[in-house]
Amino acid sequence: PRRVPQKVFEVPVRGAMLASPAVHENGTIFVGSGTGLTGITPSGEVLFQLRIGAVTATPSITPEGHVLAQAAHTPLVVRVDPSGAVLEQLRMRMGGHGSPLVLPDGSFVLTALDQSLQRFDGTGSLMFRAALPGVATSDVALTEADELVVAAGAELLYFSSRGELRSRTSV
């Protein structure tokens, strides 16, 4: 930096901060912690603290401006508006981990502890569930070719947007 950074504000969150924060286009900061999800205004005021269990991955922001957070190792995924109002609580069949990958159409993809890749539409309805050869060891990513890629077991797996396995590579 050209000059020494200065602390603008400091906000205590319940439980340890376990992942990088997400920043909404309106400047609100969303932080996952050992007890849940916290929303912080650009001026440093706590907007809300939602107790949902440990959020160990960066929350995701949807095209509509909603925030998705997955409570680690539980089946709970919440969708909240920027003020913290809970819009939806999705209960997966089994818990998962990692940040939800939000696609341009508002659907989102998660990995679950039952060794599966799951895609949900914007309303939270399951679109597909694809088996993985082991527990996912990475977040899901989207390639330039619109394939979903995730590391699981000792492989990188490439899926179509409909959940069809396209290719796999040993790592």
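**A chat about loops and ring pairs**

Student: Which residues does T137 touch, not counting those up to four places away in sequence?

Tutor: T137 touches A151 and A152 once residues up to four places away are set aside. Contact here means heavy atoms within 4.5 Å.

Student: Before we go on, what sort of model is this?

Tutor: This is a predicted model, where local features need pLDDT of at least 70 and side-chain atom pairs count only at pLDDT 80 or more, while totals for chains, interfaces and linings use all residues. Residues are numbered from 1 along each chain as its sequence is written, and side-chain values use heavy atoms, with hydrogens and water left out.

Student: Thanks! Back to T137: where does it lie, and is it buried or exposed?

Tutor: T137 lies in the loop between β12 (126-131) and β13. Its relative accessibility is 58%, so T137 counts as exposed. The cut-offs are under 20% relative accessible area for buried, over 50% for exposed and partly exposed in between, with a 1.4 Å probe and protein chains only.

Student: And how far is T137 from T56?

Tutor: They are 81 residues apart in sequence, and 14 Å apart in space from C-alpha to C-alpha.

Student: New topic. How many helices and strands are there?

Tutor: The protein has 0 helices and 16 strands. Both are DSSP runs numbered from the N terminus: helices are H or I with at least four residues, strands are E with at least two.

Student: How many aromatic pairs does a search of the whole structure find?

Tutor: The search finds 2 aromatic pairs. Rings of Phe, Tyr and Trp (its six-membered ring) pair if their centres lie within 6.5 Å; planes under 30 degrees apart count as stacked, over 60 as edge-to-face and the rest as tilted.

Student: Why is the pair of F30 and F48 tilted?

Tutor: The ring centres of F30 and F48 are 6.1 Å apart and the planes are at 40°, so this pair is tilted. It links distant parts of the chain, with F30 in strand β2 (residues 29-32) and F48 in strand β4 (residues 46-51), 18 residues apart. F30 is buried at a relative accessible area of 0%, and F48 also counts as buried, at 10%.

Student: What about F108 and F120?

Tutor: Those two form a stacked pair, 5.4 Å from centre to centre with 20° between the planes. This pair also links distant parts of the chain: F108 is in strand β10 (residues 108-112) and F120 in strand β11 (residues 116-120), 12 residues apart. F108 and F120 are both buried.

Student: Which loop holds Q115, and what is its phi near?

Tutor: Q115 is in the loop between β10 and β11. Its phi is near 60°, a positive value in a residue other than glycine. Q115 is partly exposed, with a relative accessible area of 33%.

Student: And where is D146 found?

Tutor: D146 is in the loop between β13 (141-142) and β14 (148-152). Phi of D146 is near 60°.
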